[in-house]
Protein chains: 2
Amino acid sequence: MNLKQLAAHLGLSQTTVSRALNGYPEVSEQTRKRVAEAARALNYSPNARAKGLATGRAMAIGHVIPISTQHEMVNPVFGDFIAGASEAYLKAGYDMTLSLSGDEDEADNYRRLKAKGHVDGIIVHGPKMADGRIPFLRGLDLPFVVHGRASELDIPYSWIDMNNTSAFKRATAFLLDLGHRRIALLNGLEFMDFAYRRRIGYEEALTERGIAPDPGLIRGEEMTEPFGYRAAAQMLASDQPPTAFLTSSLITAIGIRRAIHEAGLEMGRDVSVITHDDDLSYLANGRDMPIFTATRSSVREAGRLAAEMLLRHIAAPARDPETHLLEAQLIIGGSTGPAPKPD
Amino acid sequence: MNLKQLAAHLGLSQTTVSRALNGYPEVSEQTRKRVAEAARALNYSPNARAKGLATGRAMAIGHVIPISTQHEMVNPVFGDFIAGASEAYLKAGYDMTLSLSGDEDEADNYRRLKAKGHVDGIIVHGPKMADGRIPFLRGLDLPFVVHGRASELDIPYSWIDMNNTSAFKRATAFLLDLGHRRIALLNGLEFMDFAYRRRIGYEEALTERGIAPDPGLIRGEEMTEPFGYRAAAQMLASDQPPTAFLTSSLITAIGIRRAIHEAGLEMGRDVSVITHDDDLSYLANGRDMPIFTATRSSVREAGRLAAEMLLRHIAAPARDPETHLLEAQLIIGGSTGPAPKPD
DNA sequence: AATGTCTTCCAAAGCGCTTCGGATGATCGC
DNA sequence: GCGATCATCCGAAGCGCTTTGGAAGACATT
């Protein structure tokens with residue numbers, strides 16, 4: 001069933017039917033009603049490709065995941081983010097297309113994405129510190145919003161990010177206040193921007209108290225459970241074990257907890273742990289009495305906000321870049337306590 | 001830059017340029033090369049919408065997530081599944097579009113999806129036992145593959161699934177062999193097909209040994225960490241606590257472990273745990289010496305296979321439904337041991 | 001020299017929609 | 001009663017591509 005057939009069926013022109021369906025004024029209320037009913041009855045639904053061709057709009061947003069960081073997609077954070085984003089898309093009638101951009105020629109991929117006319121805008125995931133995608137996308141004129149920032153780039157673009165630096169600075173300061181002096185940082189991969197910012201926050205807090213960051217206590221890897229376990233186990237077995245851990249992901253924190261237990265220690269008493277908590281639905285940290293003391297910021301909320309921001313830009317392309325910095329909450333749970341007295 | 005312009009630039013017709021670019025034989029090698037070079041130099045890339053309109057193919061696969069089970073998307077399993085699928089799509093040049101189908105009128109959504117011409121095929125996620133989407137999709141003629149099955153449906157369709165029943169039966173039998181008699185099952189939501197099948201496997205193993213399943217030891221909820229914790233904590237505090245837990249997700253298992261520790265017990269000695277392990281990259285259970293004894297089946301692999309299956313069906317629409325049953329491995333880790341002797 | 005066969009290219013229709021520029025009556029003002 | 005105005009509707013062009021059905025020329029065949 002296409003427009004032509006529907007029009008024929010109604011004894012009207014395609015023009016009129018199209019206008020009736022799209023709410024244009026040059027059509028009587030009576031015919032509009034008749035058209036609408038026929039459309040429903042005959043199960044008519046406009047072909048998106050044809051519509052897109054004619055209007056130049058795709059009614060779809062692209063989420064581009066570079067294949068090199070494909071872990072972005074399998075990272076549980078990703079699921080919650082796009083779940084948030086799709087709430088916004090659903091309301092606005094947009095679709096979401098994920099494209100894996102092969103690594104070989106990333107720029108080319110965006111160009112193609114644009115030329116293909118698949119999407120009206122793009123959300124950039126997992127920016128690196130000097131992410132090449134950002135200047136490139138600015139060149140294309142395709143609206144985009146970055147989830148995160150690229151610290152080494154000094155050009156305007158739209159982003160939404162949480163205040164990684166201040167969150168980790170506060171968390172570190174909190175541990176220092178509890179008397180901890182040897183605080184380990186189990187971070188994400190160093191070239192990821194968020195990881196960089198978190199380390200900065202951590203180091204600032206330390207140096208402000210006159211403590212020199214110990215490189216032996218800092219690790220940056222893919223934030224898996226085994227990473228947390230291995231790193232924590234090693235550090236705890238060393239001569240000068242840390243009394244507290246700060247980590248970037250609840251999953252890593254779970255690994256740390258395992259290492260702590262295995263060393264015969266108790267979390268929150270012998271060893272403190274603070275984690276960042278993206279408030280993932282499947283990894284809830286507890287609402288009232290969280291297991292882990294955490295810096296919390298909902299990534300799902302971030303997804304929703306990013307999508308809304310992007311849709312605004314698509315609606316009004318001339319708009320200036322917009323930025324949104326989310327402040328994380330520091331939530332006290334059961335995983336932190338005063339530093340144990342050295343015996 | 002579009003075909004017309006490119007053709008004009010080359011002094012050729014659109015026909016010839018199109019043919020040269022798409023590898024048709026009626027064009028000399030020389031012109032083909034010339035065209036290819038110009039296309040690259042001028043950064044030409046065909047408009048997907050126009051191409052789709054003309055060819056009737058969208059070069060995209062739809063992954064439809066009913067909003068009622070939106071947790072499907074935030075479920076970490078989802079990320080790994082689509083990561084696997086996109087490996088296949090990438091090779092074949094397909095895009096992947098996620099559509100959230102609102103709940104109100106789910107059938108309508110598929111119809112629209114088809115009418116819109118957005119996608120060439122669909123992957124159905126998270127089937128329920130009598131999932132209405134399946135008979136409906138069979139009516140549309142749009143190729144689709146289900147990840148999982150719908151036990152109450154007796155119609156042919158393509159699916160890929162793991163052998164949930166046999167996996168959980170084997171796991172339960174293994175626990176029985178170790179002397180456990182009170183074995184709890186912390187399952188997924190009961191209306192989900194996989195959860196149903198797992199329970200069947202669990203109950204079969206019990207009844208074959210003459211043990212009646214105790215409803216007090218069976219729970220089915222969203223498979224989060226807090227669920228595992230709460231359920232396990234309650235059961236362990238009861239008069240007749242279970243000596244072993246069988247659960248559907250590594251995340252839930254982590255919650256169980258927390259409850260065990262908190263009860264002052266040791267996992268693998270006082271209480272055994274077997275979990276299903278989807279082999280998620282971010283929640284690795286360990287390769288050599290897994291933390292948890294587990295039934296393992298890679299969901300990423302399942303995603304790849306599902307995508308390949310779907311692409312085959314799109315290429316040859318007349319093909320009969322195809323099915324693929326993956327057998328899970330039972331992997332022995334550190335979380336199981338002989339049932340403790342009652343004192 | 002006439003016919004046939006390739007090879008290489010092209011014009012134009014068509015995919016399903018939107019939208020510009022009218023056309024057709026009905027209604028109105030004077 | 002006549003031009004002007006308005007409310008409705010329609011024809012046809014155009015979005016960028018593929019593909020059908022030739023056409024033109026080169027060459028071989030008879």
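Trainee: Let's start with the surface near DNA strand C: how many nonpolar, polar and charged residues does it have?
Mentor: It has 9 nonpolar, 13 polar and 4 charged residues. Do keep in mind that this is a predicted model.

Trainee: What makes a residue count as near DNA strand C, and which are the closest?
Mentor: The test is a C-beta atom, placed from the backbone, within 6 Å of the strand. Around DNA strand C, 26 residues pass, and the closest are Asn2(A), Leu3(A), Ser18(A), Ala50(A) and Ala54(A).

Trainee: Which helices each supply at least two residues of that surface?
Mentor: From chain A they are H1 (3-10), H2 (14-21) and H4 (48-55), and from chain B they are H2 (14-21) and H4 (48-55). H4(A) provides the largest share, 5 residues.

Trainee: Why does Met59(A) count as partly exposed?
Mentor: Partly exposed lies between the limits of 12 or fewer for exposed and 20 or more for buried. Met59(A) has 18 C-beta neighbours inside 10 Å, so it falls in that middle class. You will find Met59(A) in the loop between H4 and strand S1 (60-66) of chain A. Met59(A) also has a positive phi, of about 55 degrees, although it is not a glycine.

Trainee: Why are S7 (218-220) and S12 (329-331) of chain A said to stand at the edges of their sheet?
Mentor: The sheet is open, with 6 strands in the order S7-S6-S8-S9-S10-S12 and mixed pairing. S7(A) and S12(A) each have a single partner strand, so one side of each is left without a neighbour in the sheet. On average, neighbouring strands are turned by 15 degrees against each other, direction ignored.

Trainee: How do you know that S10 (293-296) of chain A pairs with S12(A)?
Mentor: Pairing asks for at least two bridges. S10(A) and S12(A) have 3 bridges, in the antiparallel sense, so they pass. As an example, Ala294(A) has Ile331(A) as its bridge partner in S12(A).

Trainee: Which strands does helix H9 (164-177) of chain A touch where it packs on the sheet?
Mentor: H9(A) touches S6 (183-187), S8 (244-247), S9 (272-277), S10 and S12 of chain A. The direction of H9(A) makes about 170 degrees with that of S8(A). Helix H12 (250-262) of chain A packs there too, touching S6, S8 and S9 of chain A, and its direction makes about 160 degrees with that of S9(A).

Trainee: Moving to chain B, how do you know that S3 (121-124) pairs with S4 (144-147)?
Mentor: At least two bridges are needed. S3(B) and S4(B), which run parallel, are joined by 3 bridges, so they count as paired. Ile123(B) stands opposite Val145(B) in S4(B). With helix H8 (133-139) of chain B, these strands make a right-handed β-α-β unit.

Trainee: Are the residues of S3(B) buried or exposed?
Mentor: All are buried: Gly121(B) and Ile123(B) point one way, and Ile122(B) and Val124(B) the other way.

Trainee: Last one: how many residues does each chain bring to the contact between chains A and B?
Mentor: Chain B brings 47 residues and chain A brings 47 residues. On the side of chain B that touches chain A, H6(B) has the largest share, 8 residues. That side has 22 nonpolar, 18 polar and 7 charged residues.

Technical notes: Residues numbered from 1 in each chain as written. Chains lettered and ligands numbered in written order. Predicted model: local features only at pLDDT ≥ 70, side-chain atom pairs only at ≥ 80, totals over all residues. Helix = DSSP H or I, 4+ residues; strand = E, 2+ residues; numbered from the N terminus. Right-handed = clockwise from strand over helix to strand, strands pointing away. Nonpolar A, V, L, I, M, F, W, Y, C, P; charged D, E, K, R; others polar. Contact = placed C-beta atoms within 7 Å. Axes fitted to C-alpha atoms, helices over the stretch in contact; angles between N-to-C directions.
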